[in-house]
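Student: I am new to this structure. Please take one part and walk me through it closely.

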Amino acid sequence: MSGVAAMESWTFPPSYDPSYLPQFDSRYWFPTRETMAPADREAAILTRLRDVCRYAYEQSAFYRRKWDEAGFHPEHLRSLEDFEDKVPVVTKKELRASQASTPPFGDYLCVPDSEIFHIHGTSGTTGRPTAFAIGRNDWTAIANAHARIMWGMGMRPGDMICIAAILSLYMGSWGALSGAERLGAKAFPFGAGAPGMTARCAQWLHMMKPAGFYGTPTYALHLAQTAKDEGLDPRDFRLKYMFFSGEPGASIPGVRDRIADLYGAEVFDSGSMAEMSPWMNVAGSLETEGMLCWQDVVYTEVCDPVSMRRVPYGQRGTPVYTHLERTSQPMIRLASGDLTQWVDGPNPCGRTYPRLPNGIFGRIDDMFTIRGENVYPSEIDAALNQTPGYGGEHQIVITREASMDELLLRVEADEHTVASGASDRFQADVGHRIQKLLGLRTKVIIAESGSLPRTDFKARRVIDDRSVFKDMYAQMERKVDA
C-alpha cells in the first residue's frame, strides 16, 4: 500500500472514529501520517488542497471573487508550486471587510447557518471584532487534532488536565478543552481572569494534582509567584505537562526553562492563530523542542513577508496557513503577520514534519526599531528570564521624541536580591545583557517587587509614551543626585 493510501482517516470533509485511541504506549496517534516520507505526505497534501480549493470556490463568494480576480481556478492546481504561485494570500483586513459587508460571519462562511455549533471571536478592543463560526463537524475535527497533538506531548486518557485560561470568546481555552475531552482525560476547566482567581487556582492545583496544564507563559509565571505568596511550592502541584499558547515564550529558552524549573514539568509551545483552529497545528512534542508544523492538519508555508513566496529552510519568514480539515470558515493561505524560522531534518520524536525551532518570535508589527536595530519584545523577555535575580515582570519604555531613540527598562528584582542589597549589581547585569543583545546601551531602573501589573492573559509590556519615559528618566536622575 502506498504512503498516500495508508494515511489514517484521510478524507475531506474529515470523518474520524470517535472511539479510536492508539495503544497506550504508542508514541504516535497516527503512526503513518506522522512518520511517512515528506514527499508522500506532500503528494497527499496536494490532493487535499485541490479538494479544499474546489470546495471553497463552490461555497464561498469571497474566495470565488478573490480567485477570479487573481486568475486562479482550483483546476489549475497541479503542484505545490502552483499553490504558492497562483493562490493569493488572505489578510485579516480582508476578513474584517468581508464580515462588515456580509455580517456577521462574512461571505467566506461555507456552511449553512444551521450547521454552526460554536461562535467565538476576537475581543474587538481595537476595532470591529472578528466572529468565528465553527461547524459541528469542524468542532469534532478540532477536538481530534488537538487530542492527537496532546498525545504527542505525553498526555493520556485518564490524566487530569487543568485549563487555566479565560473561557470566553477566546478560542485557546475551548480548543484545549475539546482536545482534553476527546483524549479521554479528566477535563478541569478552571478558567482565569476573575479577581482572586489565581490564588484559588494555586490552591486547587495543590489539592487536585493534575497531570496537565494549559495557559499562557505569562500566567504560569504569575501563578507560580502567587502560589509562593500563598505558602505553596508549585512543584508540589506535581504537574507533568504544561502546554501554552497566546504569546511567545514557551519556545524561548529563558522563559521555557524558568517555567520548567518552577514547576518541575515538561513545557511545550503551541499555537498559531485563532482563525486557524485547530490552532495547535504548530506544537512541540515530548521529545522535540520548538514547534512541529503538523502539515496534514494545517498546511504551513514560511514565506517572505513581501513576496509571500516560501523561504528556504533555515531562513526567517512569516507563516502562511491553509486549513486541510475546516469546512465552516476555511482559511486558504492566511498570512499570519508573525515572524518565525523553519528548519527541516530529523526530529528526535521521529515525526517527519518541518519545525519552528524557536517557535513564533512575535508579530512583525510588534517589532520596534531603536537606533537602526530591530527588536522583538520576546528577545528582551528571554534575556531577562535568564538573568539571576529577575523578579518576573518588566516594562519596555521607548521614545522617538529626542534627537536619538531611547529605550528604558523597568525591571523588578526578586525579594532575595533586594533584601541582600544586590539591586545595583542586578541593575548592572541587566544593562550588560541587554547591551550585548541589542548592541546599544539601555537605561535600567529597578522597580519595587510586585509593583508592575500582572495579567491573567497575554502580557502587554511595551510602552511608547513620552511622558512616561520622562517621568521614569526623572526618577533615575533623582536617584543619581541623591
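Tutor: Start with a definition: an axis here is a line fitted to C-alpha atoms, for helices over the stretch in contact. Keep in mind that this is a predicted model. Now look at helix α6, residues 136-153, and helix α7, residues 171-183. Their axes come within 7 Å. They cross at roughly 75°. Angles of 65 to 115 degrees count as roughly perpendicular, so α6 is roughly perpendicular to α7.

Which residues make the contact? From α6 come W139, I142, A143, N144, H146, A147, M150 and W151. From α7 come M171, W174, G175, A176, S178, G179, A180, R182 and L183. These residues divide into 11 nonpolar, 5 polar and 1 charged.

Next, the charged pairs. Side chains of opposite charge can pair when their charged atoms come close. The model has 23 salt bridges. One of them joins D51 and R54, at 3.4 Å from N to O. Both sit in helix α2, residues 38-59. They are 3 residues apart, so about one helical turn separates them. D51 is partly exposed, at 28% relative accessibility. R54 is partly exposed too, at 29%.

K66 and E94 form another salt bridge, with their closest N and O atoms 2.7 Å apart. This pair links distant parts of the chain: K66 lies in helix α3 and E94 in helix α5, 28 residues apart. K66 is buried, at 13% relative accessibility, whereas E94 is partly exposed, at 27%.

R310 pairs with E301 at 3.7 Å. R310 is partly exposed, at 24%, but E301 is buried, at 0%. Finally, shared partners join R33, E34, R148, D296, E325 and R351 into one salt-bridge network.

How values were computed
Residues numbered from 1 in each chain as written. Predicted model: local features only at pLDDT ≥ 70, side-chain atom pairs only at ≥ 80, totals over all residues. Heavy atoms only, no water. Axes fitted to C-alpha atoms, helices over the stretch in contact; angles between N-to-C directions. Helix = DSSP H or I, 4+ residues; strand = E, 2+ residues; numbered from the N terminus. Parallel < 35°, antiparallel > 145°, perpendicular 65-115°, else oblique. Contact = heavy atoms within 4.5 Å. Nonpolar A, V, L, I, M, F, W, Y, C, P; charged D, E, K, R; others polar. Salt bridge = Lys/Arg side-chain N within 4 Å of Asp/Glu carboxyl O. Buried < 20%, exposed > 50% of the residue type's maximum accessible area, 1.4 Å probe, protein only.
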